[in-house]
Amino acid sequence: MQAFKPELVCFSWRDIQIFSPHEGDASLEHAFNFYYASNPLKRVMASFQGLQNLYRYYQDIRTNLSYPWLIRNNYPSTRIMIGGGAFTAFADQLIHKVPEGTIGILGEGEDAILKVLNDEPLTEERFIIREQGTVTKGTKHTPALLDALTVDLPYLTSIFPQYKEYVGECIGVQSKRGCPYDCAFCLYPYIEGKRVRYRPAEHVVHDISQYYHQWGARRFWFTDAQFITGKDAYPQCTEILERIVREKLEIEWSGYIRTSLITADLAKLMVQSGVGDLEVAITAGSQRVLNSLHMGFKLEHVYEGCRHLRDAGFTGRVILNYSLNSPEETEESLLQSIESYKVVASILGEDRVFPLMFFLGIQPNTDLEERLLSEGYLSGGYNPLSLTPWNVKKMLYNPAPFNKIIAKACLAAWNRKHGSHDPRPWSGSLSQQSATQQQGHTYADNSLSQGIERNSGRDALLTLEQILRSRKPSDPTPLTKPANSSSSVR
Ligand code: B12
Ligand code: SF4
């Protein structure tokens with residue numbers, strides 16, 4: 001700082017999350033043991049582990065916040081800007097914790113940084129700033145177009161010699177911004193906007209090619225909220241994949257992809273261009289539940305996309321994210337979710353498909369949050385960053401009446417330390433290892449690895465099936481939610 005004397009210091013804050021709502025992170029197991037374990041000893045142990053998690057969580061936030069304060073205390077005249085995914089998600093809370101006058105930016109930041117450097121007003125930008133105790137916000141009406149966006153890798157390399165440590169990991173490349181869908185729990189349209197803006201395929205593949213040739217990178221992740229945003233995206237996606245093939249870039253790539261939009265031709269191109277493991281947010285196996293979450297896809301099309309992938313020779317793994325106990329869940333829809341896993345496993349092979357319990361985590365500025373506020377499940381003015389035990393329980397959305405049986409199934413699965421190895425009679429399993437496993441690669445999102453390695457989601461689903469099927473029709477308390485399901489949860 002002393003030598004460089006910058007006029008502006010920028011911070012990019014990517015993640016704030018500890019009580020992850022998925023089974024890749026041990027905090028979920030600790031939380032479930034704390035809330036639902038029948039053995040009191042386990043509850044006590046989980047409470048200690050939970051406290052450790054809390055400490056880590058708050059400590060990480062405190063450490064990150066200390067950096068802007070360090071700048072403010074030592075260089076009071078230097079301007080400070082902050083942005084990034086985590087900041088965008090929690091801007092309303094974080095703006096009170098950063099030094100006064102820090103310019104916060106929600107969503108994309110290229111134009112805003114230039115404006116600040118050029119001393120131009122931040123009109124037309126999604127800024128947030130706290131001055132003399134008052135918070136002011138701006139709105140960006142026209143999102144940036146991405147036609148000219150390029151990555152200057154030689155320059156990046158010169159200012160970031162540590163890049164070598166990341167070459168073996170998945171390098172993020174952006175091909176578009178924005179997502180037109182409306183999935184109730186998702187924050188991405190809030191972050192990136194609903195209007196899809198494409199980068200020219202040539203630029204996208206130029207990025208990949210630079211990393212490939214200059215850094216030796218071989219693994220890539222399209223950081224788009226959604227790689228195939230709809231039929232309008234087919235020409236761009238196709239051109240990107242064709243160029244990868246044409247330029248003989250021998251890579252493995254992945255990204256968030258709607259399998260329901262994969263056509264036979266696209267599947268072939270995906271496989272030819274090196275698609276690796278895929279994470280599919282199937283969410284539920286009931287079309288009714290999916291519709292209630294405005295997911296905007298048909299289950300049958302998800303299966304169809306998987307068939308196209310199989311026919312094209314896809315050899316990667318598919319992580320199927322399930323958000324059990326969504327607001328409209330019933331016993332029948334839970335059984336349908338288990339069935340949907342079996343359908344996908346019968347198409348792609350049981351040892352390729354990894355169901356993962358990914359509970360609905362309530363995030364600010366989503367339709368789900370709005371719905372739960374209006375139903376009284378959440379109270380107005382709640383603090384999404386507060387991790388009191390009752391807040392965590394609410395934010396990991398798993399309400400009554402299914403909470404206990406779902407927790408029982410999950411805990412039974414997670415307690416089996418050696419993972420799920422009991423192929424049951426329904427399976428038409430393939431024995432081949434996935435290409436990515438053979439090459440010794442872990443999945444791009446390391447934080448999910450535990451769930452994949454132990455394949456515990458499969459066990460959780462099958463155990464849940466056993467529990468549900470073993471319930472006698474004469475059971476006194478039917479597990480059916482009342483009409484206004486989530487308000488009964490508190
Ligand atoms: C791609 C992605 C991933 C990929 C990353 C692959 C890779 N190799 O790059 C994978 C699947 C691995 C992943 C994993 C996780 N992710 Co993620 N991920 C994303 C996603 C979709 C895009 C991020 C991205 O790279 N965008 C492209 C780049 C160019 O944009 P960007 O970094 O956001 O920067 C832009 C703006 O933010 C802004 N900006 C950024 N910094 C700054 C700084 C200043 C000063 C300014 C002015 C502007 C600015 O300008 C940039 C350009 O416009 C975002 C959601 C989203 N749509 O943004 C979530 C997101 C960042 N992830 C999130 C989370 C939580 C995770 C996980 C913890 C999930 C989990 N498994 O539990 C893990 C953690 C991984 C890790 N250790 O970091 C959260 C973070 C919010 C939060 N709660 O803190 C997000 C926002 C999603 C969400 N839940 O809403 N993720
Ligand atoms: S879940 Fe995916 S498709 Fe749905 S809104 Fe979010 S990014 Fe878009």
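Author: Strand 12 (residues 318-322) and strand 13 run parallel and are joined by five bridges. The model is predicted, so local features need pLDDT of at least 70 and side-chain atom pairs 80 or more, while totals for chains, interfaces and linings use all residues. Residues are numbered from 1 along each chain as its sequence is written, and chains are lettered from A and ligands numbered from 1 in the order in which they are written.

Reader: What makes strand 12 and strand 13 a pair?

Author: Two strands pair if DSSP finds at least two bridges between them. Strand 12 and strand 13 have five bridges, and therefore they pair. Strands are DSSP runs of E with at least two residues, numbered from the N terminus. Leucine 320 stands opposite proline 355 in strand 13.

Reader: Why is one side of strand 11 left without a neighbour in the sheet?

Author: The open sheet has the order 11-12-13, with parallel pairing. Strand 11 (278-283) stands at an edge with a single partner strand, so one side is left without a neighbour.

Reader: Why is histidine 203 called partly exposed?

Author: A residue is buried with 20 or more other C-beta atoms within 10 Å of its own, exposed with 12 or fewer, and partly exposed in between; C-beta atoms are placed from the backbone. Histidine 203 has 19, and is therefore partly exposed. Histidine 203 lies in helix 8 (residues 201-215), a helix being a DSSP run of H or I with at least four residues.
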